[in-house]
Amino acid sequence: MTPRRNPVRPSISPALRRVGAAAAGLVLVGVAASGCGSGEEGSSSDGGAAPKVLATTSILADVTDQVACGKLSVEPVVPLGADPHEFQPTVRDADRLQGAALVVANGLGLEEGLSDSLDRARDEGTVVLEVGPDLDPEEVDGEQDPHVWTDPERMVTAAGVIGERLGEVSGLGVGKEEIARCTAAYQQRLRDLTTSMTATLAAVPPERRALVTAHESLGYFADRFGFRVVGAVIPSTSSLGESDPRQLDELAAEVRAAGVPAVFGEATSPGKVASALADRVGSGVQVVALGSESLGPAGSPTATYVELMQVLAADVAAALGPAPSAPAAPTTAG
Ligand SMILES: [Zn+2]
């Protein structure tokens with residue numbers, strides 16, 4: 001395969017740059033189609049006939065696939081279960097990014113390990129659509145919070161942004177009108193998701209609506225569903241930040257004072273982080289691993305974004321829900 005030629009000059013406006021890049025991506029894919037079209041139909045990961053659409057995270061891959069009526073099988077660059085903050089691409093991942101017509105990315109600093117590869121792909125003509133900046137991002141301690149997907153209402157907007165851009169890519173095998181229709185239907189499912197999560201979380205009384213997480217990952221969720229963020233073990237919107245012992249002691253005191261019954265760790269970076277805090281708090285606090293940064297494998301209860309958020313709400317409700325008002329009646333054994 002010959003390398004793409006798409007000299008991008010800094011003087012070109014970003015809008016024109018995107019148009020040029022899109023065209024270059026499509027030209028590239030056209031070459032790939034004519035070169036590899038004989039008998040490799042089943043190989044979806046090494047370049048097929050249609051323009052390749054990738055997403056950085058499994059969550060965005062699912063959302064992109066949904067707005068494309070499920071017809072694209074969009075692949076995530078960050079593998080299922082991996083931490084999107086720290087994922088480092090292989091050479092093959094970098095090649096996939098450069099060969100894609102469109103890469104849907106979160107932005108706002110989420111994909112730290114991928115940023116060089118994304119820049120290089122952009123320079124080679126791949127269109128990288130970062131949705132985060134369009135989703136009313138918030139700042140936490142001077143850092144933009146990238147965890148926009150923990151608020152399903154923001155993902156209504158994200159679906160619209162992705163659908164619109166996908167509709168501009170020709171040759172996908174799914175037309176612009178079809179994408180618009182599936183986008184609207186999916187947006188309605190996301191609104192319904194907000195409703196169902198609100199209902200699930202209604203089990204948590206106001207005084208227990210307090211979140212303590214491994215890093216600052218649930219700020220948008222907290223805003224949307226009426227929780228307060230007490231603090232994070234790593235006081236950063238990235239899991240790559242550092243915690244320090246004095247700050248941890250202070251947070252432990254706050255958790256104890258507030259009577260927060262659970263500290264949430266992440267399924268993508270299991271282990272020590274949340275338990276370091278729980279150990280300081282002492283008894284009465286449990287560590288609960290939440291899946292919020294990656295989907296689970298196909299067939300698992302968190303295989304789609306909607307399912308992931310429903311499970312997240314259920315797990316938060318179970319961990320923080322009302323303390324049992326009376327001890328259960330002892331059961332007679334045997
Ligand atoms: Zn995170």
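Just after helix α8, G259 adopts a positive phi of about 65°. The model in which this is seen is a predicted one, where local features need pLDDT of at least 70, side-chain atom pairs count only at pLDDT 80 or more, and totals for chains, interfaces and linings use all residues. Residues are numbered from 1 along each chain as its sequence is written. Helices (H or I, at least four residues) and strands (E, at least two) are DSSP runs, numbered from the N terminus.

L251, A252 and V255 are the buried residues of α8. They lie on the same side of α8 because they cover an arc of only 105° around the axis; the arc is that of the directions from the helix axis to the C-beta atoms. The face turned away from this buried side carries the exposed residues R246, D249, A253 and A257. Here a residue is buried if 20 or more other C-beta atoms lie within 10 Å of its own, exposed if 12 or fewer, and partly exposed in between, with C-beta atoms placed from the backbone. The buried residues of α8 pack against β7 (210-215), β8 (228-234) and α9 (272-281). Contact between two residues requires that their C-beta atoms, placed from the backbone, lie within 7 Å.

In α9, the buried residues are V273, A274, L277 and A278. Seen down the axis of α9, these residues fall within an arc of 130°, so they line one face of the helix. Their cover includes β7, β8, α8, β9 (262-266) and β10 (286-290). After α9 comes G282, with a positive phi near 95°.

Another helix pair is formed by α3 (residues 91-99) and α4 (residues 115-123), which pack at an angle of about 35° with their axes 8 Å apart. Axes are lines fitted to C-alpha atoms, for helices over the stretch in contact, and angles run from 0 to 180 degrees between N-to-C directions. The contact is made by D93, A94, L97 and Q98 of α3 and by S117, L118, R120 and A121 of α4. These residues divide into four nonpolar, two polar and two charged. In this classification Ala, Val, Leu, Ile, Met, Phe, Trp, Tyr, Cys and Pro count as nonpolar, Asp, Glu, Lys and Arg as charged, and the others, Gly among them, as polar.

For the chain as a whole, there are 10 helices and 10 strands. Of its 334 residues, 43% count as buried. Among contacts with a separation of 6 or more, 65% join residues 24 or more positions apart.

M309, in helix α10 (residues 305-320), is buried because 26 other C-beta atoms lie within 10 Å. Leaving aside residues up to four places away in sequence, M309 touches P152, L193 and M197. M309 and T194 are 115 residues apart in sequence and 9.1 Å apart in space, C-alpha to C-alpha.

L172 is placed in the loop between α5 (152-166) and α6 (176-201). L172 counts as buried because it has 21 C-beta neighbours inside 10 Å. Again leaving aside residues up to four places away in sequence, L172 touches A50, P51, A68, L72 and L166. L172 and A68 are 104 residues apart in sequence, yet 9.2 Å apart in space, C-alpha to C-alpha.
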